[in-house]
Amino acid sequence: MSAEPEGHRSVSSHLSSLPLKTMFKPADRMSGIKKSATRLLFDLAPAGSINLGLGEPDFVVPEVVRREAVRVIEGEHNGYTANSGIAPLKEKIAAYHSEGLASPISTRSVCVTNGAEEAIFAVMMSILNPGDEALLPDPCYLAYQPIAEMAGAPQKYYKLRAANRFQLDRESFAGAVSERTKLVILNSPSNPTSCSLSRDDLRFIAGRLAGTDIYVMADEIYREFYFDEPPASISEFYDKTIIVSGLSKSASMTGWRIGWAVGPEDPIRHVTVMHQYISSCASAITQKAAVAAFSDEGRQATAAMRVQLKQRRDVMTGAIDRELGLPYVAGDGAYYVMLDVSRYGLSEDVSMKLLESRVITVPGGAFGSEGEGFLRLSYCFEPALIEQGIKRIAQGLRGSSES
Ligand SMILES: Cc1ncc(COP(=O)(O)O)c(C=O)c1O
């Protein structure tokens with residue numbers, strides 16, 4: 001065993017003589033920030049449960065991407081990359097988000113991150129000061145609220161009304177924008193509702209924000225999963241837009257951790273500085289392999305996933321009609337169904353009860369007040385599992401009394 005250097009030994013002996021602190025006191029910004037409700041439910045589920053709660057596609061990663069990953073692991077060094085990402089990937093991302101825009105996006109407008117989640121964090125933290133208002137959808141993805149909270153930004157909500165099949169309530173949006181609003185978050189297609197914002201609604205939002213300094217963070221991670229028309233992007237109508245997206249869903253690459261933020265150069269420069277101090281850069285291997293996801297072969301693989309998801313949506317809605325006969329909203333994208341279980345009580349209680357029938361669902365109330373009364377069910381799994389999961393829900397609800 002090598003001897004401990006002199007200086008090192010004196011530091012460790014000094015530390016061991018300090019009084020023991022038993023209570024860890026986290027930073028104030030962490031107060032009230034908890035593990036998400038979905039994780040808690042997963043932890044409680046009995047063995048053999050069918051997980052309709054997970055938001056992760058089960059598709060095999062496109063072969064062209066896997067082949068490229070193996071090639072770069074075996075043949076290249078793969079050290080740190082530029083903080084904002086490798087040029088060939090940024091070129092692909094810029095070209096992809098330029099489709100449908102009047103003027104093309106430059107690579108200086110792109111910052112590649114470790115998944116869309118890091119992009120969301122870096123964008124929100126780079127824009128929001130304590131006291132600035134962040135305007136969020138209700139219901140919405142579980143990460144936005146805690147990050148706004150960590151930034152010290154009060155949250156206001158605009159409604160995606162359950163009573164109107166989770167469509168934008170324009171009055172609620174217009175009324176929620178204030179002098180203090182600094183950032184508006186859009187998520188289309190949405191997690192949890194699977195509904196997209198219509199072109200008209202996006203025009204309305206752009207009109208309401210015109211002439212202000214408000215930025216929009218448009219989370220478009222589900223953009224490739226649509227069933228009729230491709231969803232429109234607010235970036236077509238509003239310049240101060242930062243899109244966050246990635247390949248977690250469209251190439252089934254959740255564990256590869258690849259995402260990005262794309263927007264005007266000024267804010268992206270700051271997002272890149274934030275990203276530098278979070279993680280330096282996204283994995284070199286993943287970045288290089290990710291270029292292949294934009295090839296014809298990669299995009300065909302995404303198109304094939306889209307076709308399968310549409311079939312799976314029909315499997316799930318067919319099973320709900322047959323086994324449950326309950327109302328639901330299936331949306332026009334992503335891979336979630338919002339099942340109306342309001343007659344059985346609070347969504348969290350219903351979800352907990354269903355664990356006894358070994359099926360995991362996510363209570364809609366976790367996503368906001370408009371989600372209450374619903375369960376979010378994912379259908380990004382094999383049809384047989386979807387069918388069996390719905391049967392277990394039917395069995396569980398038969399044992400529950402209507403309230
Ligand atoms: C709306 C939304 N945004 C962002 C993410 C995070 O994506 P990533 O895995 O790329 O970090 C998710 C993941 O479920 C999501 O649903």
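Tutor: Let's start with pairing: two strands pair if DSSP finds at least two bridges between them. The model is predicted, so local features need pLDDT of at least 70 and side-chain atom pairs count only at pLDDT 80 or more, while totals for chains, interfaces and linings use all residues. Residues are numbered from 1 along each chain as its sequence is written.

Student: How do you know that S4 and S5 pair, and in which direction do they run?

Tutor: Strand S4 and strand S5 (residues 167-168) are joined by two bridges and run antiparallel.

Student: What joins strand S3 to strand S4?

Tutor: Five bridges link S3 (residues 133-138) to S4 (residues 155-161), and this pair runs parallel.

Student: What makes S2 and S5 edge strands?

Tutor: Look at the whole sheet: eight strands form an open sheet in the order S2-S9-S8-S7-S6-S3-S4-S5, with mixed pairing. S2 (110-113) and S5 each have a single partner strand, so one side of each is left without a neighbour in the sheet. For S2, that partner is S9 (residues 259-262), joined by four bridges in an antiparallel run. Val110, for instance, has Val262 as its bridge partner in S9.

Student: Are the faces of S2 covered or open, and how do you know?

Tutor: In a regular strand the side chains alternate between the two faces of the sheet. In S2, Val110 and Val112 lie on one side and Cys111 and Thr113 on the other; all of these are buried, and both faces are covered.

Student: Why is Val337 called buried?

Tutor: A residue is buried if 20 or more other C-beta atoms (placed from the backbone) lie within 10 Å of its own, exposed if 12 or fewer, and partly exposed in between. Val337 has 25 such atoms within 10 Å, so it is buried. Val337 sits in strand S11, and its C-alpha atom is 5.2 Å from that of Leu377, 40 residues away along the chain.

Student: What does Val337 touch?

Tutor: Contact asks for C-beta atoms, placed from the backbone, within 7 Å of each other. Leaving out residues up to four places away in sequence, Val337 touches Met316, Thr317, Ile320, Tyr328, Ala330, Leu377 and Tyr379.

Student: What makes the backbone at Ala334 and Arg358 worth a look?

Tutor: Most residues other than glycine have a negative phi, and most peptide bonds are trans. Ala334 has a positive phi of about 50 degrees, in the loop between strand S10 (328-329) and S11. Arg358 has a positive phi near 60 degrees, in the loop between helix H12 (347-355) and strand S12 (359-360).

Student: Where are cis peptide bonds found?

Tutor: The bond from Ser188 to Pro189 is cis, with omega near -10 degrees. The bond from Asn191 to Pro192 is also cis, with omega near 20 degrees. Pro189 is in the loop between strand S6 (181-187) and helix H8 (199-209), and Pro192 is found in that loop too.

Student: What makes a set of residues a nonpolar core, and which residues touch the most members of the largest one?

Tutor: A nonpolar core is a set of buried Ala, Val, Leu, Ile, Met, Phe, Trp, Tyr and Cys residues joined through C-beta atoms within 7 Å. The largest one here has 112 residues, of which Val123, Met124, Leu183, Met217 and Ala261 touch the most other members. Helix H5 (residues 115-127) supplies the largest share, eight residues. Beyond its neighbours within four places in sequence, Met217 contacts Val123, Met124, Leu183, Ile185, Ile242 and Val244.

Terms used: Contact = placed C-beta atoms within 7 Å.
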